[in-house]
Amino acid sequence: MSDRITLALPSKGAIAEPTYAFLKACGLKVSQPNPRQYTGNIAGLPQVDVLFQRVKDVVYKVADGTVELGITGLDVVHENNSDSITILHNKLGYGHCKLVVAVPESWVDVESIADLADVAIDFRENKGRNLRVATTFTNSARQYLHEVGIHHFTLVRSEGAIEAAPTLGYADVIVDLVQTGTTLRENRLKAIPDAVILESQACLIGNTSALKNPQVLSTIRIILEYADATIKAKNYHQINVNIRGKDAQEIAHKVASNPITQGLKGPTIAPIYSASGDEIENGNWHTITITTKNDNLLDAVDFLRSIGGTQVIVSPVSFVFLQESPTYQQLLTKLNHRG
Amino acid sequence: MTFTEFNTLQRIQAEQTLQKHLSLFGFQAMDTPTIHQAGLFLTRAGDKIIDQLLTFNQHGTQLALRPEFTAIAIADYLQLNTTDIKRWQFAGNIYQHQPDTRQEIQERYHISVELIGAVNTLSEAEIIHMALSGLQELGIANLQLTIGHVGLLRNLLSRLPLDRRTIRLLLSYRNRIQEENGVQFVLSKVEELLTLDTIDLSPAPANHTNDDLNTEEMLNVILDSTKSGLTMGGRTRKDISQRLIYKRNRSTQRDEVIRGVEFLQKWGQIAAKPDEAFSAIQSLIEADDTSSQNMLSEWQSLISILSDFGRKTENIIIKPDLAQNWDYYTGTVFGITQNETWFGGGGRYDELATILGSPSPIPAFGFAYYADRFTSLTQIAKQPIYTFSTSDAINPANWLTQLRAHHIALSLVPNKNADLCLQTNGDLTYQNQSYSLSQIDDLISDLKETSNE
């Protein structure tokens, strides 16, 4: 077995820059020494070579074993489902989009997938033809439409400008990825609310056979540790606040009395000293350090102020490492079950 | 399918036996191309066919490898522009695309029979009997016949005060109803349709009494003012307005829909020997429903005729919900199994002709043998091939020609250990005995005697 491990990353498209940003946030900055070449490296992973590929090619190359690891969209993995691909992390937290069924806005009578099932049968009975569905996701579309009871349709495979298909007349409806829905609206289409085939985001995948290589598994552990820690950290900020109280215990009691200022385990408290090393005048000032969820940030600040806190400094959190990477542990469990 | 010499011989013998058998019933062998316009198959009913069609594009035309023979038979019949009764049989490979399986492209061997132009209970029974007896000709026993009926189902549903669209919707969920929590699932889907808010496009002005016209007018206003009418997909404004009216009126059908779902559940649960099953079906037919009663009587008559043909009722299961495709079959449907493996199936499909462009339905009944599932069970008739070696100085042509004229199969081999060895004096030895050319009859007699042992 070679010592080198190749990680395929998307070279272009909506997911490319966010992937590099994500890895950078993980402390695994990607470098591309020559922008005309398709190779690169990651400083924190000297054993890894980076290969820049189109989003679909990342999947193909991981599937055929050309590369061991890859980051791509879950939608592409779902479309090209293969036993030789193992999803290592299905929620990297960026590249969100949905694969949906969309119909012309003029179809005001179609508000659900059940409506579309009815219309599909209308096409057969009254127009003598099948409902035409334009998409690049033929496997996902086919499987979904049969699951929801729509059996009479013709898939029109198209690689680009799917949204224009109904206007141009070579399809009646489409199955496509949406992010904000702007492109759909501009093409006079609307997503059917209950027809979300897949909620997609960036994911880390690995070649199933390559997972037997301890070195690959070790590299995966590093990536997953950083990924889990980075993703978890996004939910938190660290607060440092100065509070005066009788003693550390009294202050700790006040701070921890509110669940949103309890921190991950509890507040860290340190006494504040003057430059001379003596206690500060009007004494018993302490610095409290806690970690709080972003949603609770302003409420936490308000509470700390209410108990005498001042000079509140808030910092973003880079990593939150738990006792172990939950994703890596799940992977090990899955691999053990496979045998 | 992995082929071996033995597999191939079995398949050839099965095909020859069945073709001969089918021709006894008047079915004439027909050839048909392997490749057709994909549209022929894409418009016909049968979601599994559509899902598994193997297509490719040739200079802008979408073509398909044939997935079955039935649609081809009807299309050929329509092209003939005739009202004659046709009895055709087809044999050959059919192709399926199954992307979720290890072997994505499946090549299967079918032998198919189609009666087109006129069908009655007797001809249906005869064809079903023919299907069973063909397999028995191949030495295959312990067959079970399962019979369902799509026409009766449609007839019974039409008795419910439901509009055509709702019946159609219920039928499309038919298979789901029988699954675990299926009834709840289907009722929830139907409930969605019954309770969804719908745009009310027809606040009727005092002088308007025409509901359709009003809805269409309002729809035109909305689509034009919002420019949403720039993209219509394949529908017209009339299509949309008519369906809006249907949706607005559907909430009155809730109770009937529930009755329909409950009926379909009961219908799907019937699977029994004829007497028991017909009794259960009878209980679902209302006293004043003479049309359904007549269909049931015809069905019972079919079983009676099958019995006249020697088909025992203990090998027959009546399963009304047998058909997967409700909009393709129109009457009797049947399947033949051995130990739960399907060896063939078919039924009455009058409406396929209208799907393929005929102005009216054309009576048709047919079935297909899934030959690759049972040819391995075919008993091979003994057909030995004798090896024949010759010494270099002698020309064996005379011996070879004369022996083959007597249907003795021969294979030239270079080694001297062949069954038949040509000597330098022109004699042929077989089992240590020599024969001259004038003694060829004796040799043939000895060869045949040995092969019969």
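**Exercise 1.** Which residues are linked in a network of salt bridges?

Solution. This is a predicted model, in which local features need pLDDT of at least 70 and side-chain atom pairs count only at pLDDT 80 or more, whereas totals for chains, interfaces and linings use all residues. Residues are numbered from 1 along each chain as its sequence is written, chains are lettered from A and ligands numbered from 1 in the order in which they are written, and side-chain values use heavy atoms, with hydrogens and water left out.

Step 1: apply the rule, by which a salt bridge is a side-chain nitrogen of Lys or Arg within 4 Å of a carboxyl oxygen of Asp or Glu. Step 2: follow the linked pairs, which gives a network of Asp109(A), Asp115(A), Asp118(A), Arg235(B) and Arg243(B). Step 3: take one pair, Arg243(B) with Asp118(A), whose closest N and O atoms are 3.0 Å apart.

**Exercise 2.** Describe the interface of chain A and chain B, starting with its extent and ending with the residues on the side of chain A.

Solution. Step 1: count the residues in contact (heavy atoms within 4.5 Å), which are 41 from chain A and 45 from chain B. Step 2: take the buried area, meaning the accessible area (1.4 Å probe) that two parts lose on being put together, summed over both; between chain A and chain B this is about 3,400 Å², with 47% given by carbon and sulfur atoms. Step 3: count the pairs, which come to five salt bridges between the two chains and 10 residue pairs in polar contact, both residues being at pLDDT 80 or more. A polar contact is a pair of N or O atoms within 3.5 Å; within protein, one must be able to donate a hydrogen and the other to accept it, and residues adjacent in sequence count only if both atoms are side-chain atoms.

Step 2: locate the side of chain A that touches chain B, to which helix 4 (113-127), helix 5 (138-147), strand 9 (153-157), helix 6 (165-168) and strand 11 (189-200) of chain A each supply at least two residues. Helix 4 of chain A gives the most, with 12 residues. Helices (H or I, at least four residues) and strands (E, at least two) are DSSP runs, numbered from the N terminus. Step 5: sort the residues on this side of chain A into 14 nonpolar, 12 polar and 15 charged, where Ala, Val, Leu, Ile, Met, Phe, Trp, Tyr, Cys and Pro count as nonpolar, Asp, Glu, Lys and Arg as charged, and the others, Gly among them, as polar.
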